[in-house]
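Biologist: I would like to learn how to read a sheet and a ligand site in a model. Could you take me through one?

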Amino acid sequence: MTAPTRSEGVSGNSPIPSLGFRDNVSGILAARRDQLGFIQYAAAQGDIVRMRLGGLPMVLINHPDYFQHVLVDAHAHYDKDNFLYRAVQTVFRGGLVSNPGGERWRVRRRMMQPSFNRGSIVDFTPGMTELTGGLLRKWADRRDPGAVVDVSGDIGDLTLKIVLRSLFGVEAGADVRAFERNFLELNTIVGNFFRMPFPPLGRRPRLRALIQEMDDFVDRLIRARQADPQERRDLFAALLNGTHGPDGGVFTQEELLGEILSTIVSGYETSSHSIAWVFYRLARHPEVQHRVQEEVDRVLEGRVPTLESLARMPYTRMVIDETLRLHTPAWQTMRRALRDDEIGGYRVPRGSSVYLNFLTYHRHPGFWPDPERFDPERFTPENSARRPRNVYQPFGSGPRFCIGKYFALTEIHLVTAMLAQLFTVSVPAGQPPVGFAPLVTLHPKGGIRLHLTPR
Ligand code: HEM
């Protein structure tokens with residue numbers, strides 16, 4: 001069933017269809033057992049539906065017109081001050097991703113934007129390829145080349161190193177694995193908040209301990225930078241100086257920690273899962289892998305990729321786009337209605353939590369034929385042009401779209417091309433399909449492990 005549109009007789013006063021009592025009760029239970037399955041079930045009931053997830057009331061929307069309305073056209077009537085982001089705020093304390101919005105968000109976004117513009121990405125690419133080359137050498141020099149590789153773990157290290165070097169001018173030390181472990185545990189606790197919203201997160205001792213350890217990591221970075229006499233003009237410098245002109249609003253020490261932490265985490269984690277899923281898809285679809293290798297060999301002729309050469313590897317990019325459709329790592333977001341509104345002819349009362357799930361959205365059968373099938377051909381220019389605007393948006397849309405979109409796409413493309421140059425990936429015999437672990441972000445359950453054979 002798809003909810004009728006206004007032209008089909010829904011007036012601006014119509015209440016949003018609700019899942020039935022039984023469904024809502026099972027939603028509370030399912031949130032503990034199978035959160036993802038329940039969300040998929042709810043989305044299949046209509047393009048706009050009221051539901052409870054783990055007891056928390058929300059309005060699920062799942063149609064391009066509704067996404068366009070909430071994220072773009074009426075964005076000023078929605079903010080992020082809702083229970084999902086309040087939970088995340090416990091960790092990020094005003095950081096851009098979870099910042100409620102308004103002028104304080106705008107000032108931060110403006111301050112950080114230059115570090116994500118094309119000019120900055122051009123500067124970052126040599127560092128990205130150098131660090132990737134280091135990992136590929138480590139893989140090539142393994143003592144046991146037949147052993148299965150923990151791709152998720154190694155790529156997590158790589159993307160964390162890339163963010164630290166590119167945005168903060170820091171060479172990662174031995175403490176990156178501990179940082180990643182801490183963040184995984186933290187992500188699990190905050191993700192579980194949907195299953196068990198009480199007691200408030202801020203009072204959970206283990207969470208406080210983890211935040212403290214991550215703060216200490218950031219604090220070490222700040223002290224090292226402050227002791228460095230060399231003057232730099234990177235994101236770190238902009239954040240430290242709090243230089244955002246006449247608007248004022250210099251960070252407190254607490255907010256500075258939160259912003260750096262939020263940038264590091266948003267910058268490494270989603271990209272890391274994306275790259276690991278791309279490798280997994282290449283391994284699962286040898287014919288696709290073959291085409292990627294053929295394109296990469298033809299364009300690069302053994303050279304290291306550059307930003308310029310990426311544009312000449314469109315098939316590899318199609319594979320990445322299709323992977324991000326099926327394995328959207330930033331799989332959910334939420335907005336709060338700041339005033340009474342109307343979506344698709346339905347009344348949305350002020351204060352409603354509007355829930356957007358990119359994973360169900362990218363599998364909407366009305367826009368994606370045979371949605372579960374992995375098919376990079378969906379992203380040829382002709383096929384993309386046939387779909388409605390906004391139906392594909394792994395990086396969100398509107399003013400709060402991902403600030404790191406081009407950073408991430410460049411990184412994923414470079415790493416994929418370099419892998420394809422040197423290795424053929426394959427799934428270990430007998431390995432079952434890898435599922436999802438729905439935390440705040442979406443993880444490959446148990447991680448991605450593959451065989452890597454030198455070409
Ligand atoms: C494949 C990788 C990535 C994906 C899928 C992704 C996805 C997203 C999405 C969907 C949003 C919008 C959320 C919303 O509207 O509520 C977002 C926001 C954001 N992302 Fe990413 N992201 C990725 C990589 C990155 C990277 C590499 C960085 C930084 C280095 C980054 C930093 C941010 C920040 C700071 C925001 C908040 C922007 C704002 O509210 O103004 N992301 N991301």
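Modeller: We will go through the sheet, then the helices against it, then the ligand. Keep in mind that this is a predicted model.

Biologist: What is the order of the strands in the open sheet?

Modeller: In general, the strands of a sheet pair through backbone hydrogen bonds, either parallel or antiparallel. Here the open sheet has 5 strands in the order β2-β3-β9-β6-β4, and the pairing is mixed. β2 (48-53) and β4 (78-79) are the edge strands, each pairing on one side only.

Biologist: Which strands run parallel, and which antiparallel?

Modeller: β3 and β9 run parallel and are joined by 3 bridges; I61 stands opposite L356 of β9. β6 and β9 (residues 353-357) run antiparallel, with 5 bridges between them. Across that pair, M334 stands opposite Y355 in β9.

Biologist: How many residues lie between β2 and β3 in their hairpin?

Modeller: The hairpin has 2 residues between its strands, and G54 in the turn has a positive phi of about 60°. β2 and β3 run antiparallel, joined by 6 bridges. R50 has V59 in β3 as its bridge partner.

Biologist: Is β3 mostly covered or mostly open?

Modeller: Mostly covered: 5 of the 6 residues of β3 are buried.

Biologist: Now the ligand. Which residues come nearest to it?

Modeller: There are 29 residues around the ligand, and W105, R109, T333, R335 and C402 come nearest. Next, look for polar atoms. W105 has a polar side-chain atom 2.8 Å from an oxygen atom of the ligand.

Biologist: Which elements give two or more residues to the shell around the ligand?

Modeller: They are α5 (103-112), α11 (253-284), β6 (332-337) and α17 (405-422). α11 gives the most, with 5 residues.

Biologist: How do the residues of the shell divide into nonpolar, polar and charged?

Modeller: The shell has 17 nonpolar, 8 polar and 4 charged residues.

Methods: Residues are numbered from 1 along each chain as its sequence is written. This is a predicted model: local features need pLDDT of at least 70, side-chain atom pairs count only at pLDDT 80 or more; totals for chains, interfaces and linings use all residues. Side-chain values use heavy atoms; hydrogens and water are left out. A residue is near a molecule or strand if one of its heavy atoms lies within 4 Å of it. A polar contact is a pair of N or O atoms within 3.5 Å; within protein, one must be able to donate a hydrogen and the other to accept it, and residues adjacent in sequence count only if both atoms are side-chain atoms. Helices (H or I, at least four residues) and strands (E, at least two) are DSSP runs, numbered from the N terminus. Ala, Val, Leu, Ile, Met, Phe, Trp, Tyr, Cys and Pro count as nonpolar, Asp, Glu, Lys and Arg as charged, and the others, Gly among them, as polar. Two strands pair if DSSP finds at least two bridges between them. Buried means under 20% relative accessible area, exposed over 50%, partly exposed in between (1.4 Å probe, protein chains only).
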